[in-house]
Amino acid sequence: MPQLILLRHGESSWNRSNLFTGWTDVDLTDTGKRQAADAAAALTAAALTPDLCFTSVQIRAIRTLWIALDEMELAWLPVVRDWRLNERHYGALQGFDKGEMAELAGEEQVHAWRRSWDVRPPQLDLQDPRFPGHDPRYAEVPRKRLPRGESLQDTVSRMKPAWEGPVMQALKRGRTPLVAAHGNSIRGMVKMLDAIPDAVIPHVEIPVGIPLLYDLDEDLRPNSSRYIGEVPEDVELPRDIARRMGSGD
């Protein structure tokens with residue numbers, strides 16, 4: 001039966017500094033690099049061997065994948081880099097301290113920007129240097145498709161063709177993909193896999209550096225899912241969060 005491995009990148013320098021990151025291209029901290037190596041060790045111990053990889057075009061996800069593949073002696077595996085797997089674009093919030101922004105705009109507003117399904121952050125002006133249209137890695141992407149700031153709903157819509165296209169096609173061909181991406185792009189995948197409602201998915205947390213394995217049936221529906229390796233007690237599977245919140249607990 002098909003298997004899919006999802007891996008959120010390790011801690012980045014802006015994660016550590018509590019800054020809105022989004023599409024800003026910041027690298028892993030030393031802790032993040034260790035988390036990537038630990039993820040590889042957990043996959044090896046579980047005898048899980050991917051044979052095809054997907055990642056975003058952001059260095060924190062790319063380096064997480066590099067480290068993991070190097071540790072597993074699989075650096076030769078083919079890698080598909082897809083901008084649609086990027087993190088959610090936080091618009092004009094990018095680069096600002098989350099705590100300071102809460103003082104300026106109010107905690108309720110910042111909570112809505114971060115945790116709602118369909119509320120967008122303040123949008124970037126097209127002339128802003130943070131707009132992706134100024135970045136050569138997006139030169140082949142039509143300008144109108146590049147975000148100026150995304151809600152979670154926008155992020156899932158942008159990511160969906162990557163999931164339904166190359167990733168699902170790989171699974172249908174019998175491959176075992178490893179997707180190294182970001183908290184919100186992986187949220188989109190688990191939303192579709194576990195049929196998580198719009199109102200619930202903003203509450204689903206994807207832990208950094210812990211592989212999430214899906215065992216799928218022939219129709220690519222989940223038979224089961226589990227985290228691989230040492231998992232903190234407070235970490236829940238996406239489907240379990242959906243069940244708990246659906247029951248009103």
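**Stop 1: the strands**

Select strand 1 and strand 5: four bridges join the two, and they run antiparallel. Strands here are DSSP runs of E of at least two residues, helices are runs of H or I of at least four residues, and both are numbered from the N terminus. Two strands pair if DSSP finds at least two bridges between them. This is a predicted model, in which local features need pLDDT of at least 70 and side-chain atom pairs count only at pLDDT 80 or more, while totals for chains, interfaces and linings use all residues. Residues are numbered from 1 along each chain as its sequence is written, and side-chain values use heavy atoms, with hydrogens and water left out.

Within this pair, show L6, which stands opposite L212 in strand 5. Strand 1 (residues 3-8) is mostly covered, with five of its six residues buried; buried means under 20% relative accessible area, exposed over 50%, and partly exposed in between (1.4 Å probe, protein chains only).

**Stop 2: the hairpin**

L212 has Y227 as its bridge partner in strand 6. The two strands form a hairpin with five residues between them. Select L220 in the turn, where phi is positive, at about 65°.

**Stop 3: P132**

Select P132, in the loop between helix 5 and helix 6 (152-172). Is P132 buried or exposed? P132 is buried, with a relative accessible area of 3%. Leaving out residues up to four places away in sequence, P132 touches W23, H89, Y138, L146 and P147, where contact means heavy atoms within 4.5 Å. For a distance check, pick Y214: from P132 it is 82 residues away in sequence and 32 Å away in space, C-alpha to C-alpha.

**Stop 4: the largest pocket**

The largest pocket holds about 310 Å³ of space. A pocket is an open set of points on a 1 Å grid over the protein atoms alone, where a 1.4 Å probe fits, with protein on both sides within 12 Å along at least five of seven lines; lining residues have an atom within 4 Å of a point. Select R8, E87, Y90, K98 and N184, the closest to its centre of the 18 lining residues. Then colour helix 7 (183-194) and helix 5 (107-115), the elements that give two or more residues to the lining. Helix 7 gives the most, with three residues.

Methods:
Points joined across faces, edges and corners; volume = space filled by probe spheres on them.
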